[in-house]
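Please look over the two chains shown here. The report goes through selected elements of each.

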Amino acid sequence: MSEIRIAGLEKAFGRHQVLQGLDLVVPDHAVAAVLGPSGCGKTTLLRVIGGFEAADSGRVEIGGVVVDDGRRQLRAEARRVGYVPQEGALFPHLSVGQNVGFGLSRTDSDRDRTVAEALDLVGLGGFEQRRPNQLSGGQQQRVALARALAPKPQAILLDEPFAALDPATRTAMRAEIAAVLRSIGTTVILVTHDQAEALSIADLVAVIVDGKVAQVDPPKELYANPASRDVASFVGEANLVPVQIEGTSARSALGTLTLASEAGEATTVLVRPEQLLLEPWDEGASTAAGRVVSTMFFGHDALVMVELEDGADPQLLEIRTTGRAPEPGERVRVRVEGSVVPMA
Amino acid sequence: MAAIAVGVLALLPIVFVLLQASHLGLHEAGTLLWRHRVFELISNTLKLTITATLFSIVLGVAAAWLVCRSDVPFRRVFGMLLVLPLAIPDFVAGYAWVSLDPGIHGFSGAVLVTTFAYYPFVYLPAVATLSRLDPALEEVGRSLGLSRIQVFRRLVLPQLRLAILGGCIVIALHLLAEYGAFSILRYRTFTTEIFAEYNLGFDGASASLLSLVLLVICVVLLGGDQRLRGRASYASVSGAPARTYTLVRLGKARFAAFGGLLVLVALSIGVPLSSIVYWLVQGNSSTLPSGSLLAATRTTLVLAGSAALVTTALALPVAFLAVRHRSTFSALIERSTYVARALPGIVVALAFVFFATRYAAAVYQSTFLLIAAYVVLFLPLALIAVEAALAQAPASLEEVGHSLGKGRLTVLWKVTLPLIGPGLLAAAALVFLSTATELTATLILSPTGTTTLATGFWSYTTGLSYGAAAPYAAVMVALSAIPAVVLSRYLGSGRVTSAT
């Protein structure tokens with residue numbers, strides 16, 4: 001059992017209230033990503049869980065043990081929580097093997113084997129004698145992970161583990177680390193500001209806005225049903241279109257749309273860029289008419305900004321298209337595919 | 001706990017000065033100050049500070065630029081030699097010049113001696129800054145149509161400004177605190193005046209009143225230094241450069257530059273060393289006090305060694321508080337030791353005499369008290385080195401250590417200490433060097449019968465026995481040369497000698 005439960009966590013630095021009553025439950029063995037813009041308090045959250053900062057109030061439980069109740073803290077070294085800080089932070093004066101073995105008992109007879117296993121796990125078998133400065137950024141990061149894993153901790157905390165890597169290495173590392181984290185079956189909390197990273201690695205994504213958890217859900221659910229506009233626009237690109245609700249459908253400048261859920265008091269709907277299909281101009285078609293404002297070409301696809309011609313206020317839409325990218329100024333037809341999510 | 005003790009100890013001299021001065025009425029104070037012609041002392045000090053500092057800037061910056069950026073012959077050798085004046089105590093340099101030519105004295109003599117002794121205080125930070133600057137900045141300047149000279153004036157010099165100003169403040173603080181050199185050169189400053197007062201029979205009120213004025217000037221200077229430090233971040237925006245500089249070709253000027261550096265080295269190290277050698281040879285025929293020289297050397301080694309150990313050990317907790325646990329409390333302790341940086345040796349010594357004779361007669365005239373005074377005097381130096389080292393060992397390394405289940409002591413022993421080892425060594429070297437050549441406080445506080453190299457040297461010099469003094473000077477210079485080299489490598493000029 002190494003479930004992590006956080007309730008009502010508050011933390012301020014001077015007058016700056018960073019965490020404002022944060023609640024989060026990460027089940028045993030889950031890989032959770034904490035996602036949020038910089039300065040939202042996600043790194044502070046990680047440091048409180050790790051025991052490097054003390055909570056002002058609230059409660060942190062790891063594996064059923066209260067490690068911080070806002071008054072007393074269990075020392076970081078007694079928490080059995082592995083920590084991989086930004087840029088790895090390998091001990092520069094120790095070899096790779098000594099780094100990985102740092103958390104193991106000196107009298108442990110299996111010490112060398114445990115180190116070798118941990119290095120194998122991250123694909124760096126046989127690297128024991130290397131020095132940290134002989135490793136690439138990606139390798140350093142993997143050694144840092146092996147070092148955190150070696151003492152078999154209850155949970156692992158990763159702080160922006162891929163931020164310091166170049167884009168090409170980052171994608172490969174992401175897949176590798178995700179596989180490693182899944183194979184060891186430890187509870188993992190990973191902090192990131194990169195939504196693609198969070199959505200692709202985690203079982204569970206917690207979006208933090210202003211020191212509070214705005215939503216926790218599996219990646220697909222989070223993307224499809226964001227709880228608020230903040231979450232919607234932070235996770236993926238979002239078109240928020242004003243609508244008039246009529247029962248289970250909604251009227252808008254894009255025509256009549258099917259609602260994915262109960263509308264309630266909603267006055268707008270969320271339409272993802274890939275839900276919008278661009279069609280060549282056809283005078284007689286019944287779909288919405290628009291004019292291309294700009295096109296950003298990425299190779300495999302393009303992001304097209306289209307201004308709708310109907311409707312009282314001019315409405316700008318972001319549309320992701322894999323077909324021919326239209327030129328600015330072209331008139332196009334826009335069709336909506338699938339159902340849309342109402343937003344209050 | 002240790003940190004608090006250190007903070008209190010450092011504030012003792014200030015308490016003493018205020019306590020003493022508060023006994024005097026305003027009128028009485030005025031008369032006393034008038035008697036000492038305080039304005040003459042202030043103008044003496046000011047004149048000397050401005051002149052010596054200006055000369056030091058010119059010499060220090062020019063030498064730093066030549067060594068870092070030009071193709072002057074033997075630049076790496078010069079890089080080392082130019083730091084060496086720091087290993088020659090000021091009073092030894094003063095003795096060297098005066099014993100060569102008794103006509104050297106007063107204002108011009110003081111400017112001559114102090115300029116060649118103190119220019120490394122500008123040279124060292126200038127070298128550190130120059131070797132840290134991103135070459136891309138200067139290349140961009142050139143690409144925008146600026147000539148080399150314009151690039152230096154508009155891009156390099158502004159970035160050197162902080163290094164230069166910092167160096168100037170250090171020079172000024174040294175000038176204010178120096179006793180031996182000015183005594184030999186017969187140039188009246190606050191410190192020589194206070195010392196004279198003390199020798200006349202410890203007129204507590206008068207000496208401490210002058211100390212108060214001296215202290216105020218020092219603290220004002222320190223405030224300036226503090227403001228500079230606050231803005232220092234702008235000097236290193238882009239971090240370490242990835243590339244090295246291509247050296248500027250001097251062409252025909254190459255040999256003129258070489259000659260210039262040669263003259264500088266000759267005047268700053270050549271004169272003191274050759275003077276010592278001259279008197280060694282001369283003095284050989286008369287009396288060479290080999291036995292007492294040996295005893296003085298041993299005493300100096302023991303004192304400097306213990307001061308280095310104790311001071312470095314005490315600097316560690318203070319630095320830890322300051323770097324790792326920022327709070328109002330830790331800032332207060334750090335600040336109190338920092339203020340001690342401005343305390344001239346004479347003020348510290350008088351304060352210790354005052355408190356010891358009144359409240360702790362048992363330790364008066366004891367080695368313990370002398371070492372305590374060294375600690376107060378040199379703790380700020382040690383702190384600079386230890387704090388810099390700690391700041392470069394990221395706290396996240398210690399956190400990772402804890403997250404791997406290791407307690408405070410294990411992490412300190414296995415992670416922190418190995419990382420800051422060089423910094424601790426530098427701190428110890430710095431304190432050793434300063435203690436081995438300390439004269440002012442040692443003269444006042446050393447137990448009767450205890451002779452260090454500095455005080456032994458001093459007693460012969462004041463008796464004009466230049467020949468007998470020379471062996472003491474030689475051993476002192478030899479002793480300090482080793483830590484001085486260690487230090488110059490640590491303080492960044494090492495990059496000059498090893499890079500490119």
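This is a predicted model: local features need pLDDT of at least 70, side-chain atom pairs count only at pLDDT 80 or more; totals for chains, interfaces and linings use all residues.

Residues are numbered from 1 along each chain as its sequence is written, while chains are lettered from A and ligands numbered from 1 in the order in which they are written.

**Chain A**

Chain A has 8 helices and 21 strands. Helices (H or I, at least four residues) and strands (E, at least two) are DSSP runs, numbered from the N terminus. The C-alpha atoms of chain A fill a box of roughly 80 × 45 × 35 Å along the principal axes. Of its 344 residues, 40% are buried. Buried here requires 20 or more other C-beta atoms within 10 Å of a residue's own; exposed is 12 or fewer, and partly exposed lies in between, with C-beta atoms placed from the backbone. Among contacts in chain A with a separation of 6 or more, 66% join residues 24 or more positions apart. A contact puts two C-beta atoms, placed from the backbone, within 7 Å.

An open sheet of 4 strands in chain A runs in the order β2-β1-β4-β5, with antiparallel pairing. Pairing takes at least two DSSP bridges between two strands. Strand β1 (residues 4-13) of chain A is joined to β2(A) by 8 bridges, and the two run antiparallel. One such link sets A:I6 against its partner A:L24 in β2(A).

Helix α1 (residues 42-50) of chain A is largely enclosed by the rest of the structure, because 9 of its 9 residues are buried. Among them are A:K42 and A:R47. Just after α1(A), A:G51 takes a positive phi of about 95 degrees.

**Contact between the chains**

The contact takes 16 residues from chain A and 15 residues from chain B. On the chain B side, α18 and α19 each give two or more residues. The largest share, 7 residues, comes from α18(B). That side divides as follows.

| Class on the chain B side | Residues |
|---|---|
| Nonpolar (Ala, Val, Leu, Ile, Met, Phe, Trp, Tyr, Cys, Pro) | 7 residues |
| Polar (the others, Gly among them) | 6 residues |

**Chain B**

The axes of helix α3 (residues 38-69) and helix α9 (residues 148-177) of chain B come within 10 Å and cross at roughly 140 degrees. That makes α3(B) oblique to α9(B). Angles under 35 degrees count as roughly parallel, over 145 as roughly antiparallel, 65 to 115 as roughly perpendicular, and the rest as oblique. Axes are lines fitted to C-alpha atoms, for helices over the stretch in contact, and angles run from 0 to 180 degrees between N-to-C directions. The α3(B)–α9(B) crossing is right-handed. Residues in α3(B), including B:T45, B:A52 and B:G60, meet residues in α9(B), including B:L160, B:G167 and B:L175. The contact of α3(B) with α9(B) holds 11 nonpolar, 6 polar and no charged residues.

B:F255 lies in helix α13 (residues 253-285) of chain B. Is B:F255 buried or exposed? B:F255 is exposed, because 12 other C-beta atoms lie within 10 Å. B:P471 is 216 residues from B:F255 along the chain, and their C-alpha atoms are separated by 36 Å.

Key. A crossing is left-handed if the near helix is turned anticlockwise from the far one by less than a right angle, and right-handed if clockwise.
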